[in-house]
Amino acid sequence: MRPMNEKHLAVLRRHMVEVIAIYADLESEELGKAAFDERVMAAMLRVPRHLFVPAPAAPFAYQDMPLPIGFDKTVSQPFMVALMIDLLDPQPHEAVLEIGTGLGYQAAILAELAGQVWSVEIIEEFASHAEALLRSLGISNVGIRIGDGSGGWPERAPFDKILVTAAAEEAPPALLEQLKPMGRLVLPMGSEQQLLTVIDKDSAGRLETRQFIPVRFGRLETV
């Protein structure tokens, strides 16, 4: 069989976005809305997920499933990526901190929606691969560093929005500290059961926590 070309992959990517829209509608009662932001869906349509997974997994890139990327890690299923970014609500003038770069897929989506993305990755091989890949795609508003994501990126703080792609029992204090007033943090939170969680910080620094659907993420690694 011949390998798929860009036209085939574009069709599959459109199908992926249609499936995300169906799942968003099915989860509308739990999420409080029946559709994701059009900007998020457009970004999901533009970013070529097949480039952000190892070559053997590329034929499955547009199925709504997590895929292995090495080091016992996965890239999240497209629906979950879209959901977390929709809840984060990044805006063109905002600086976003991402914890857990992986191979850069979610950072590429965020780069379409935010002014600047700073991403922290604990696995050096992932960080270097993601940096090279994003650069090759002409994405210039993402900065990556290697480190313990629970400590955030103090030199680049404060951030308008923070997105954590691994689960923690509670929000890391450093991340809450680096979040601007009127900012938002989205992460999977919990020990026995993880819930997708949104934490909003008001103008006085008070925190409001909202929890949504059950999820299953790897644990946030610390050094």
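Student: Which residues of helix 6 are buried?

Tutor: Buried means under 20% relative accessible area, exposed over 50%, and partly exposed in between, using a 1.4 Å probe and protein chains only. In helix 6, the buried ones are Phe126, Ala127, Ala130, Leu133 and Leu134. Seen down the axis of helix 6, these buried residues fall within an arc of 140 degrees, so they line one face of the helix. The arc is taken from the directions that run from the helix axis to the C-beta atoms.

Student: Before we go on, what sort of model is this?

Tutor: It's a predicted model, where local features need pLDDT of at least 70 and side-chain atom pairs count only at pLDDT 80 or more, while totals for chains, interfaces and linings use all residues. Residues are numbered from 1 along each chain as its sequence is written, and side-chain values use heavy atoms, with hydrogens and water left out.

Student: Okay, which exposed residues sit on the face of helix 6 turned away from its buried side?

Tutor: Glu124, Arg135 and Ser136. As for the buried side, its cover includes strand 1 (67-70), strand 2, helix 5, strand 4 and strand 5 (142-146). Helices (H or I, at least four residues) and strands (E, at least two) are DSSP runs, numbered from the N terminus. Covering goes by contact, meaning heavy atoms within 4.5 Å.

Student: How do I read the span of a helix?

Tutor: The expected span is 1.5 Å times one less than the number of residues. Helix 6 (residues 124-136) has 13 residues and should span 18 Å; its end C-alpha atoms are 18 Å apart, which agrees. Helix 1 (residues 6-26), with 21 residues, reaches 30 Å from its first C-alpha to its last, close to the 30 Å expected.

Student: Which residues of helix 1 are buried?

Tutor: Leu9, Arg13, Met16, Val17, Val19, Ile20 and Ala24. Down the axis of helix 1, they fall within an arc of 160 degrees, so they line one face of the helix. The face turned away carries the exposed residues Lys7, Glu18 and Leu26. At the start of helix 1, a side-chain oxygen of Asn5 comes within 3.0 Å of the backbone nitrogen of Lys7.

Student: What does the side chain of Ser119 make a polar contact with?

Tutor: A polar contact is a pair of N or O atoms within 3.5 Å; within protein, one must be able to donate a hydrogen and the other to accept it, and residues adjacent in sequence count only if both atoms are side-chain atoms. Here the partner is the side chain of Glu98, at 2.6 Å. Ser119 is in strand 4 and counts as buried at 0% relative accessibility.

Student: What about backbone angles?

Tutor: Look at phi in Asp89: it is positive, about 60 degrees, although Asp89 is not a glycine. Asp89 is in the loop between helix 4 and strand 3, and at 32% relative accessibility it counts as partly exposed. Met182, also not a glycine, has a positive phi of about 70 degrees. Met182 lies in strand 7 (residues 179-189) and is exposed, with a relative accessible area of 60%.

Student: And which peptide bond is cis?

Tutor: The one from Ala157 to Pro158, with omega near 0 degrees. You'll find Pro158 in the loop between strand 5 and strand 6 (159-164).
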